[in-house]
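Hi,

Here is the structure I said I would pass on. Have a look through it first, and my notes follow below.

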Amino acid sequence: MDVEGYMSRVPGHTAFPAVDEMHAELDELAAAHPELVRLRRIGTSRLGEPLRVATIGTGPRNAVVIGGPHPNEPIGALTVSNLMRLLVEDTWLREDFGYRWHLIPCVDPDGARLNEGWYGRPSDRRAYAEHFYRPAEADQVEWTFPLTGGDYFFDRTLPETEAVMRLMDEVRPDFVYSLHNGESQGAFYYLSRNDPALAARLTAIASGQGLPLHMGPPEIPSAVRIGPAAYMTPRGADLAAVYGIGGGSIDYAERFGALHLVTELPYWADPRIGDETPTARPYGEVIATFLAEQRELVAELSRSLAVVRPDLRVASPFRSAVEDFAGAHDEFVAEWEDFPGAGRPATVAEVSGKQQLTHSMRLRYGGMYLRMLNAELAAGNATPVIRAENGRVRELFDGWFAAAEAAFEGTPIPVQTLVAVQLGAALVAAEAAKS
């Protein structure tokens, strides 16, 4: 299979589609190719948005592709779009590759609409921070699959999650692909199987497109490394009790013996994240600094919440996300305290990775906090306390943004490149899933 050839057919996207544009494209393809595309509704979002899947292909195996499992991660919507069009245009891929593809462009449309303020200008870091939204942990589609039968029990599945579960129950997938991305952390992958050869093929796709591989600290301290920039997918049983969440799509996919893949891509390329040159700083010191900065952020948001909480009237998603972060994030931070290797020299990638994560968390949650206060003001709840905190936190946010920009050495990655990498990874992993 000519994976690079398929990747080269991705057009020059410069923005991410809004939810209405995603729906319009589904309707257009289904209307133009009714003999090839089966479009149907599989559920309803919490706010009443239709959840739809496009099924294309005639093979004996089934692949489920989940776009937008976190609404601040919209690369997958374009990846689904390009895969749909390739399947419509390419007879071999549609009929001879061996799959029926079940494609969900956006599984959390409610959350996606709250990010649309930056979708049209993805390289603008200020716009991204000011219009950012990511749900509270237990409101995330990716992490609300049921966990039952053990010491920890979770059955508060979301309507969106239930829609994905019903789809998997129906088609019994051989391959499940959850499309994720970050900001400037470098490209990396999660695989449900310890397959170093497949991991190497996947990382080669990213590096071949010029993306830096993520060689800094893992996203989750307990992550098991398969190879460079590739990890075993964490299971709900390992994470859920810490975060108060359920299982992931990986947990549900395992019911069917499916290969599960997560592709994590950055928006900005920072060469330092792939630099394994040792520095003069001990790794333990780097981790300790990161922990202190994260706890300072949690403390700052908690202090401000204590001031404004008596005056809050709007049950906004921004409020639940910030309160969840302030209330539970310290448990996550504590996971890093006993991380092994504290005495060795930290690499450039490890120093840069933790510094960038500090800036990212400040801007993410500072931005959502301001959106929470702005929702109060927009509703007419302009109490003196809310107005005062809005001004104070705005000044704090501006300082955080200036510090982040001063420390930043990244450059925007073309959207076309990001989509091509996710698309190429889908084809390589689907081929591996056959065996």
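Which strands does helix α2 lie across, and at what angle does it run to β2? Helix α2 (residues 19–32) lies across β1 and β2 (50–56), and runs at about 35° to β2. Helices (H or I, at least four residues) and strands (E, at least two) are DSSP runs, numbered from the N terminus. Axes are lines fitted to C-alpha atoms, for helices over the stretch in contact, and angles run from 0 to 180 degrees between N-to-C directions.

Before you go further: this is a predicted model, where local features need pLDDT of at least 70 and side-chain atom pairs count only at pLDDT 80 or more, while totals for chains, interfaces and linings use all residues. Residues are numbered from 1 along each chain as its sequence is written, and side-chain values use heavy atoms, leaving out hydrogens and water.

Back to α2. Buried residues there (under 20% relative accessible area, with exposed over 50% and partly exposed in between; 1.4 Å probe, protein chains only) are V19, M22, H23, E25, L26, L29 and A30. Seen down the axis of α2, they fall within an arc of 160° (taken from the directions from the helix axis to the C-beta atoms), so they line one face of the helix. Their cover includes β1, β2, α3 (75–89), α5 (109–113) and α6 (116–119), contact being heavy atoms within 4.5 Å.

Now the sheet. It is open, has nine strands in the order β1-β2-β4-β3-β5-β9-β6-β8-β7, and its pairing is mixed; two strands pair if DSSP finds at least two bridges between them. β1 (38–44) and β7 (225–227) are the edge strands, each pairing on one side only. From one strand to the next, the twist averages 25°. Strands β3 (residues 61–66) and β4 (residues 99–104) pair in the parallel sense over six bridges, and I66 stands opposite I104 in β4.

S184 is buried, at a relative accessible area of 10%.

Cheers
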